[in-house]
Amino acid sequence: MHEEPLLKVRNLQKQFGDGCSRCKERQNLEKNYCPNCGTVYACQDISFDLFAGEILGIVGESGSGKSTMMQCLYFDAEVTSGAAYIDAGPGSAEQNVFELSSQQKRYIRNHQYGMVYQNPVHGLKMNFSSVGNIAEKLIAAGKRNVSEMEETSKNLLQNVHIPLFRMKEEPRNFSGGMQQRVQIAKALSNNPPILFLDEVTTGLDLSVQANVLDLIKRIQRELGISMIVVSHDLAVIRMLADRTIVMLNGSIIEEGLTDQILEDPQHAYTQQLVYSLL
Amino acid sequence: MKTKSHFAFFDEGSKKEIRRAILKAVAIPGYQVPFASREMPIARGWGTGGLQITLSIIGKNDVLKVIDQGADESVNAVSIKKLVQSTTGVELVERTQEASIIQSRHRIPEVPLTPEQILVLQVPEPEPLRRVEKSAYKTKILHSENDYSGAWLMLFEQIMKYGRTATGADHPVYVNNRYVMAPSPIPRYDNPKLHQSEAIILLGAGREKKIYAVPPYTDVESLAFDDYPFSVESFTGKSCHLCGAEDVFLDELVDPATNETIYQCNDTSYCIEQLNKSEEVEVETSHA
């Protein structure tokens, strides 16, 4: 049986700086940085597939290009070159989404994507109510009925264990874990087929981490949403991801089933990463 | 020695630049056109945007009316009128029907405007999304991408907090089905007057350096949710204690002598006209 991927990424490149004659062929680089002209090659030739209903993990040390790649996919940053195709109905799978107009990109963000940032400040409006934050995404997706939006928001907040008597409170009054759960509720509000999670549990204490991870796992099971989970925490990846990609200095150095990568790492860096797991 | 100033205070270069901004604003209804706001003899935030528009469009034969929150005789309206008259010599009026240019702060007159008239509104904050997004760079992108979820979100928050949309003034509007615009702090009562207005409406924000416009016969729709429709302030059962008018925007005042709440026309020239009319009738009937 051959299954078509939901999201195809091909040869994604992201560089900061113009490059020079010495680093054109990606040679003479110091990690991902050209000592001559100062250009940083944050993502080099990234290609992968995301299938419906799966969780894809992305691991790598700080500065390996994980977050930059996420930002490119979510259109927070412009790609230097490369393509991404989303299979959302007939004809859509042939269109490189990086070449769409900014209005069309916004449409994809509002209708097909959900994003949970590492820092809730980026994903939430801290001085608007929690229910308003969720409604914002619904409004952006074209909803114009207050009572329906309120109902949807209530259900979502209940789902992520935010007590309803606090739903009109602003997220800035909430603890970090609660803020993160509001952010997840917001990202889920328009039932996106693709959800991006960028270091969602980093900085949360262990019990809250477990809570958030449980929640993500349940969402995947119940709603069948495809997710890309970026983390430098292998435990998180082990728990969530079906398949995993390992990144180093802006390139993919290894990919495969999560178990396989954790049990039998091939690349020297992956081996080091796995063995340094406490 | 008294030097002779330019007609309408500005040098011709300034007028040209502002007129160009106005033309662009009229061509793109609701779009905020940046312009080089001049230093004026009144402080920014006191109507410099409106004043600059008035001075660049006014001609010798124009007839000017200036209102401040409905009143013809408040200090701000009077000093603007004086400045324009001393530099142009135009005729000043209080009767809305007689004016060719009406500069106004926070109100649209009660008397319907005609195609021969120009309404100039003073704007403190031209950006309807400013309270959701601080960065001007980002709001510009939001406008270009037609993403107005922020403007809706503000209304949604009001409904969550107060059970209804609670904009006291400056309720955002969709202009020509494209741009969301701050109609300047006019009461919601005046929003419907923007829709298919026969007079051209020019809005100027001097401090924020923006000019925008609603050309005649343009669709202007107040933002509202399906289950929370737009509504104007209601004055049912109340009337002006001076002229008895009912279907107008009323100010709520407290009578210092009796401590009672009384209502009074906000539009002073309309009120005086009503009073004059009833007096005429009185004179006629009592002499007959």
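**Exercise 1. Describe how helices α6 and α7 of chain A pack against each other in this predicted model.**

Solution. Begin with the geometry: two packed helices are described by the angle between their axes and the distance between the axes. In this predicted model, helix α6 of chain A covers residues 176-188 and helix α7 of chain A covers residues 206-223, and the two pack at an angle of about 10° with their axes 10 Å apart. Because angles under 35 degrees count as roughly parallel, this angle makes α6(A) roughly parallel to α7(A). The crossing of α6(A) and α7(A) is right-handed.

Next, look for the residues that meet. From α6(A) come A:Gly177, A:Gln180, A:Arg181, A:Ile184 and A:Leu188, while α7(A) brings A:Val208, A:Asn211, A:Val212, A:Leu215 and A:Ile219 to the contact. Sorted by class, the residues of this contact of α6(A) with α7(A) are six nonpolar, three polar and one charged.

**Exercise 2. Work out the strand order of the three-stranded open sheet in chain A, and find the helix that packs on this sheet.**

Solution. The strands of chain A follow the order β2-β1-β4, and their pairing is antiparallel. The edges are formed by β2 (40-50) and β4 (81-86) of chain A, each of which pairs on one side only. From one strand to the next, the twist averages 15°.

Now take one pair in detail. Strand β1 of chain A, residues 7-16, is joined to β4(A) over five bridges in the antiparallel sense, and A:Arg10 stands opposite A:Ala83 in β4(A). The helix is α1 of chain A (residues 66-73), which packs on the sheet and touches β1, β2 and β4 of chain A, its direction making about 65° with that of β2(A).

**Exercise 3. Identify which elements of chain A touch chain B, and which of them gives the largest share.**

Solution. Start from the counts: 16 residues of chain A are in contact with 14 residues of chain B. On the side of chain A, the elements that give two or more residues are α2 (102-111), α4 (130-140) and α5 (146-159). The largest share, six residues, comes from α4(A). By class, this side of chain A has six nonpolar, six polar and four charged residues.

**Exercise 4. Trace the open sheet of chain B and the helices that lie across its strands.**

Solution. Seven strands of chain B are arranged in the order β1-β9-β8-β5-β4-β2-β3, with mixed pairing. The edge strands are β1 (33-34) and β3 (91-92) of chain B. Inside the order, β4 of chain B (residues 101-105) pairs with β5(B) in the parallel sense over four bridges, and B:Ile102 has B:Leu119 in β5(B) as its bridge partner.

Turning to the helices, α2 of chain B (residues 48-57) lies across β4, β5, β8 and β9 of chain B and runs at about 150° to β5(B). Helix α3 of chain B (residues 75-88) lies across β2, β3 and β4 of chain B, at about 155° to β2(B).

**Exercise 5. Decide whether B:Val123 is buried or exposed, and list its contacts.**

Solution. First locate the residue: B:Val123 is in the loop between β5 (118-122) and α4 (136-144) of chain B. A residue is buried if 20 or more other C-beta atoms lie within 10 Å of its own, so B:Val123, with 27 C-beta neighbours inside 10 Å, counts as buried. Leaving aside neighbours within four places in sequence, B:Val123 is in contact with B:Gly49, B:Ala182, B:Ser184, B:Leu203, B:Gly204 and B:Ala205. B:Gly204 lies 81 residues from B:Val123 along the chain, yet their C-alpha atoms are separated by 5.7 Å.

Methods: Residues are numbered from 1 along each chain as its sequence is written. Chains are lettered from A and ligands numbered from 1 in the order in which they are written. This is a predicted model: local features need pLDDT of at least 70, side-chain atom pairs count only at pLDDT 80 or more; totals for chains, interfaces and linings use all residues. Axes are lines fitted to C-alpha atoms, for helices over the stretch in contact, and angles run from 0 to 180 degrees between N-to-C directions. Angles under 35 degrees count as roughly parallel, over 145 as roughly antiparallel, 65 to 115 as roughly perpendicular and the rest as oblique. A crossing is left-handed if the near helix is turned anticlockwise from the far one by less than a right angle, and right-handed if clockwise. Two residues are in contact if their C-beta atoms, placed from the backbone, lie within 7 Å. Ala, Val, Leu, Ile, Met, Phe, Trp, Tyr, Cys and Pro count as nonpolar, Asp, Glu, Lys and Arg as charged, and the others, Gly among them, as polar. Two strands pair if DSSP finds at least two bridges between them. A residue is buried if 20 or more other C-beta atoms lie within 10 Å of its own, exposed if 12 or fewer, and partly exposed in between; C-beta atoms are placed from the backbone.
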